[in-house]
Structure formats: C-alpha cells, structure tokens
Amino acid sequence: KGEIWIDAHSDPKDYKYIALHEIIEAFYMKHFHMSYNKAHNTANHHEMYFRKIDNKTFGEYYKNNENI
C-alpha cells in the first residue's frame, strides 16, 4: 500500500502522467468506493487533460504502449 509502480520500459517523460493516473485511480476507489474500471476510466480523463496541457496526446502515449 502507498506505492505506485511504473513499468521500467515506460518513457521517463511519461512518469508524471502515469503517477497522476495511478494516484487519481486509487483516490476514487478509496474515497468514492468506485470499481477499478470506473476509477480507471475517470483517471484516464484526468490524464488526457494533463497530457493535452503539455501538448502530448493521450493516443500518442497509448499507441506506443500496446501492452497497456
């Protein structure tokens, strides 16, 4: 508990987005009792927003990480 694991094959430029996603996901599951799938989808929306702010699209990340 209290840990976020990031795949060693992830691009270091994506670490902040992955961490943000995982923190949001865990927050919604813990405090709003969301299922993993619902929390994951909610975290995806937050992640997309922050990637857009940084001018890196969500699709650009996921097309390069097919194992997700």
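Guide: Let's begin with Lys16 and Asp54, which form a salt bridge with their closest N and O atoms 2.9 Å apart. The pair links distant parts of the chain, with Lys16 in helix α1 and Asp54 in the loop between α2 and α3 (58-63), 38 residues apart. Keep in mind that this is a predicted model, where local features need pLDDT of at least 70 and side-chain atom pairs count only at pLDDT 80 or more, while totals for chains, interfaces and linings use all residues. Residues are numbered from 1 along each chain as its sequence is written, and side-chain values use heavy atoms, with hydrogens and water left out.

Visitor: What makes Lys16 and Asp54 a salt bridge?
Guide: The rule asks for a side-chain nitrogen of Lys or Arg within 4 Å of a carboxyl oxygen of Asp or Glu. Lys16 and Asp54 come to 2.9 Å, so the pair qualifies. By this rule the count comes to three salt bridges.

Visitor: Why is Lys16 called exposed?
Guide: Exposed means over 50% relative accessible area, buried under 20%, and partly exposed in between (1.4 Å probe, protein chains only). Lys16 has 52% relative accessibility, so it counts as exposed. Asp54 has 34%, so that residue is partly exposed.

Visitor: Which side chain does Asp14 meet in a salt bridge?
Guide: Asp14 meets Arg51, at 3.0 Å from N to O. Asp14 lies in the segment before α1 and Arg51 in helix α2, so the pair ties together parts that are 37 residues apart in sequence. Both Asp14 and Arg51 are buried.

Visitor: How far along the helix is Glu47 from Arg51?
Guide: They are four residues apart in helix α2, so about one helical turn separates them. Arg51 and Glu47 also form a salt bridge, with the closest N and O atoms 2.9 Å apart, and both are buried. Salt bridges that share partners join Asp14, Glu47 and Arg51 into one network.

Visitor: Why is the pair of Phe27 and Phe32 called edge-to-face?
Guide: Rings of Phe, Tyr and Trp (its six-membered ring) pair if their centres lie within 6.5 Å; planes under 30 degrees apart count as stacked, over 60 as edge-to-face and the rest as tilted. The structure holds four aromatic pairs. In this one the centres are 5.9 Å apart and the planes sit at 65°, so Phe27 and Phe32 are edge-to-face. Ring pairs link Phe27, Tyr28 and Phe32 into a cluster.

Visitor: Is Phe27 buried, partly exposed or exposed?
Guide: Phe27 is at 41% relative accessibility, so it counts as partly exposed.

Visitor: And what makes Gly2 exposed?
Guide: Gly2 has 87% relative accessibility, so it counts as exposed. Gly2 sits in the segment before α1 (15-31), and its C-alpha is separated by 9.4 Å from that of Ile23, 21 residues apart along the chain.

How values were computed
Helices (H or I, at least four residues) and strands (E, at least two) are DSSP runs, numbered from the N terminus.
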